[in-house]
Amino acid sequence: MTVTLAHGAGGRSMRRLVTDQFAAQFAPSPHAVVGLAALDDGAVLRVGDHQLVVTTDAHVVWPTFFPGGDIGRLAICGTVNDLAVMGATAPLGITAAIVIEEGYPLADLERIRASMVQACREAGTTVVAGDTKVMGRGELDGIVITTTGVGLAEYVVTDCGLRPGHVIIVTGCIADHGLAVMAVRHALAFETPPQSDVAPINHLVAEVLRVGRGDVSAMKDPTRGGVASALHEMAEKSGVGIVLDELAIPVTPAARAVSELLGIDPLFVANEGKAVIGVAPAAARAVMSVLRATDQGRDAAVIGRCVDEHAGTIVVDTGFGRRLLAEPEGELLPRIC
Amino acid sequence: MSVSPDASERLRFRDPAQAHRLAAVLARTVAEALAATGSERLAVMHVCGSHEQAIAKFGLRSLVPAALDVIMGPGCPVCVTDMPEIDEAVALADHGITVATYGDMYRVRGSGRSLADAHAEGAPVEVVYSVSQAVELARTSGREVAFFACGFETTAVTTAAALIGGVPANFSVLSAHKYVLPAMEVVAQLPESRIAAFLAAGHAATITGSAIFEPFAERYGIPVVVAGFEPLDVLAALVRAVEAIRDRDARVFNLYPRCVTSAGNVPAQARLWEVFECETGGWRGIASVPAGNIRLRETWRAHDARYRFAHVRPRGAAALAPDACICGTIMIGRAGPVDCSLFKTKCTPQDPVGACMVSSEGTCRIWHEYGGLPVLQSTR
């Protein structure tokens, strides 16, 4: 057996690899409120009276520069957003470990660093420690950035608190990041190429928690595997079913056109500046109006609700009929048939 | 490539209200057809991956009356690509020849490995979106590039056009193209078949024309409805098919006249048959289909990977008894996945044996993922 790309694609294969190889192998932490075994976006550690959220991510993307962003912006936003969806919306700081291939253009490194600085500024945080390594030519492809973030959470939000009746909100148009990268990767030249949505969402999530507080029952940033993967995890861990209203899912006309052309469901495509939020019905209206009032959240929409049947399963109401939403498996590829 | 931002918004074939009205007509017509034919159930088969995609994507099955089975036939070219064909492609990649292929073929296993497996082990495999990308790859890289060409006549035409248009000497084609009409004949000839009507693929018919189905409809007494791919196209075609069953009217009906003519795209047909010819060969999970495989003619041998790399032979042999898979019987609706001894044991989504497990919309795949066919009305 060898590791394949499917093991890194955010679906079931990846969860199995992580569970078998890692989560089941490390002893549980006495300090952890949310530990490795929860396979959430980050850990929550008890420190005195505080709840400290910790998360870490390795970032590899090809192409390194893509419409709407680059690996530097992605590395900061990915970690800021993982902290935010656990409830830590004011990151205390970020560490960055950067591994670079011999021969890498310094100008590219400077561009990436500038993006990291800019993203930190937007998120209201900074890099507080770091490490750099250089590997020989051909020993890695370009550059790999690993970031770790820490922050305190007043309300810890896991991905397992959904209950029947709760509504599912997405904070904006989906699928832009994945389609932007895919269009470049498959050398598809569109007149209006899709732009990545990569951005920090911690301020947005802070607003949601300010009005929603304990009524915010679950949150995830739908990166690899897209909204579909995030919802499957939330439904499975919470023990509820979800019914999605497909016509309510916000997708820009450009992204819809590209996804139809490639034969790829926008629900399966990665986002880097969105959150999927479960909210108790009492707070749904307040959360929606606070989201819609922001620039980042103006396209936010209620896209579904939780039900007490078919636990762990997502049913999509297409407006025509109903279908089951499969869990994405392996990397997304354009189809011919 | 130009995509108008609001192109999808302007499509007129996605009106849920009209769809529900058509569903009501379908329910009434099915009841009439059952009474007229004295049957308890009706079965309509479509033979196109894109039809299944539309049916699944828009959840149309939940609109179809319970007494009407809409069966996915041998219509997904990736699903019906035979194991030995994939083995050939994997062998080329193992041999250091760059294999370019469509995305949905990448993960499908032959008797041993998939192209994705070969790639994970370091073999040169590239996913392309079109044949022209593969030609470009050969031109710019200078490497030997073999295009693993799958798809029905629609896609085969693009391969033919690329070859006629001129390709570099280091470009070759490993053809796994299929011709859909012979497979419909195989299904119709099965003694236990209960298919009462076919939906024919609109885009394939754009090339072949609708008249090509006339001898078939006449010979087997089965109506054929040429259908498009929007939700309303599919529902309207189902209504027409059931009407034809009710009226015992075994003709060809073109419900996709905005694209399909009786004669089809004659210049495209000329190019197709200038490059290719039909030959008998295996379809995964079905059988050997007479004249079902589209292969390069002798005049194109310089670009035929099978001749160019005749010395490259797949290693290993199929480990499974060829008759263990009952995909064919499942496809015609005579058996369910649980009747198959390989289901969930030897045949899984990660390691599919038969066509019904390869496609994410295949019957076996759906049963495997969800433990049976879901009752989707329950959450209403």
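Analyst: Of the 337 residues in chain A, 52% count as buried, where buried means that 20 or more other C-beta atoms, placed from the backbone, lie within 10 Å of the residue's own, exposed means 12 or fewer, and partly exposed covers what is in between. This is a predicted model, in which local features need a pLDDT of at least 70 and side-chain atom pairs count only at pLDDT 80 or more, while totals for chains, interfaces and linings use all residues. Residues are numbered from 1 along each chain as its sequence is written, and chains are lettered from A and ligands numbered from 1 in the order in which they are written.

Chain A comes to 8 helices and 15 strands, these being DSSP runs numbered from the N terminus, with at least four residues of H or I for a helix and at least two of E for a strand. The radius of gyration of chain A is 19 Å, close to the 20 Å of the globule rule for 337 residues, so chain A is as compact as a globular protein of that length; the radius is taken over C-alpha atoms, and the rule is 2.2 Å times the number of residues to the power 0.38. Among the contacts in chain A with a separation of 6 or more, 82% link residues 24 or more positions apart, a contact being two residues whose backbone-placed C-beta atoms lie within 7 Å.

The largest core has 136 residues, of which Phe148(B), Ala200(B), Val225(B) and Leu235(B) touch the most other members. H12(B) gives the most to this core, with 11 residues, and at least three residues come from each of domain 1 (14-319) and domain 2 (327-375) of chain B. A second, separate core of 92 residues includes Val61(A), Phe66(A), Ile76(A) and Val150(A). Leaving aside residues up to four places away in sequence, Phe148(B) touches residues including Val99(B), Met105(B) and Leu174(B).

The two domains of chain B, whose bounds come from an automatic or database domain assignment, have C-alpha centres 19 Å apart. Their contact takes 26 residues from domain 1 of chain B and 16 residues from domain 2 of chain B. On the domain 1 side, helix H3 (49-57), strand E2 (68-72) and helix H4 (77-80) of chain B each supply at least two residues, and the largest share, 4 residues, comes from H3(B).

As for confidence, chain B averages a pLDDT of 88, and 91% of the residues score at least 70, pLDDT being the predictor's confidence in each residue, from 0 to 100. Over residues 1-5 of chain B, however, pLDDT stays under 50. Where pLDDT is low, the predicted coordinates should not be read in detail. For the complex, the predictor gives an ipTM of 0.75 and a pTM of 0.83.

Methods. Core = buried A, V, L, I, M, F, W, Y, C linked by C-beta atoms within 7 Å.
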